[in-house]
Amino acid sequence: MNRNLKPRSKIWIERNGQYAFGGGLAEILAAIQKTGSIKEAARRLNESYRYVWGRIRKTEKILGIKLVETVVGGAGKQRTKLTQPSLIILPFYQIFEKDIQKKVNQECKKILKKLI
C-alpha cells in the first residue's frame, strides 16, 4: 500500500440544484479583491477575461445578488471591487472549505492507519 496517499475533496454550494459557488469562483473573487481588476485577475489565474466575467455573471444570476461593482473608464487600474455580499460569502466559503478539508484529512488518516 502506498504511504503517500492524500485525500482530496471539492466543496461547493448549490442553489435549487444548480452550482452556485465553489473553489474556482472563490479564487476569482479573491484575485479581483487583490488586484481591483477583472482583467488582471483573469491574467493571474491564466483564464480569459470573458471566462472570468462569464463565471461571475452566471453566479450572480443563480444567487440573485451582485458580486462585483465596476467603474467604467476613469484613471487607475483598480476599477472593480467586491460587493458587500461577496465580502461575506468569500471568507465564509474559504473557512468552510478549509474546515472541511481538515476534517477529510483527519478521517482519512484514521482509516489509512487501519489499512497500513
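1. At 9% relative accessibility, Glu60 counts as buried, where buried means under 20% relative accessible area, exposed over 50% and partly exposed in between, with a 1.4 Å probe and protein chains only. Glu60 sits in helix α3, and, once neighbours within four places in sequence are set aside, Glu60 is in contact with Ile65, Lys66, Leu67 and Val68, contact meaning heavy atoms within 4.5 Å.

2. This is a predicted model, in which local features need pLDDT of at least 70 and side-chain atom pairs count only at pLDDT 80 or more, while totals for chains, interfaces and linings use all residues. Residues are numbered from 1 along each chain as its sequence is written, and side-chain values use heavy atoms, with hydrogens and water left out.

3. Helix α3 covers residues 49-63, and its end C-alpha atoms are 21 Å apart, which agrees with the 21 Å that its 15 residues should span at 1.5 Å a residue; the expected span is 1.5 Å times one less than the number of residues. Helices (H or I, at least four residues) and strands (E, at least two) are DSSP runs, numbered from the N terminus.

4. The buried residues of α3 are Val52, Arg55, Ile56, Thr59, Glu60, Ile62 and Leu63, and what covers them includes β1 (12-15), β2 (18-22), α1 (23-35), α2 (38-44), β3 (68-70) and α4 (84-115).

5. Just after α3, Gly64 takes a positive phi of about 75°. Gly64 lies in the loop between α3 and β3 and is exposed, with a relative accessible area of 59%; leaving aside neighbours within four places in sequence, Gly64 is in contact with Arg15 and Thr59.

6. The largest nonpolar core has 22 residues, of which Phe21, Leu29, Ile32, Ile56 and Val68 touch the most other members; such a core is a set of buried Ala, Val, Leu, Ile, Met, Phe, Trp, Tyr and Cys residues joined through side-chain atoms within 4.5 Å. At least two residues of this core come from each of β2, α1, α2, α3 and α4, and α1 gives the most, with six residues.

7. The axes of α1 and α4 come within 10 Å and cross at roughly 130°, and the two helices are therefore oblique to each other. On the α1 side the contact is made by Gly23, Ala26, Leu29, Ala30 and Gln33, and on the α4 side by Ser86, Leu87, Leu90, Tyr93, Gln94 and Glu97. Axes are lines fitted to C-alpha atoms, for helices over the stretch in contact, and angles run from 0 to 180 degrees between N-to-C directions; those under 35 degrees count as roughly parallel, over 145 as roughly antiparallel, 65 to 115 as roughly perpendicular and the rest as oblique.
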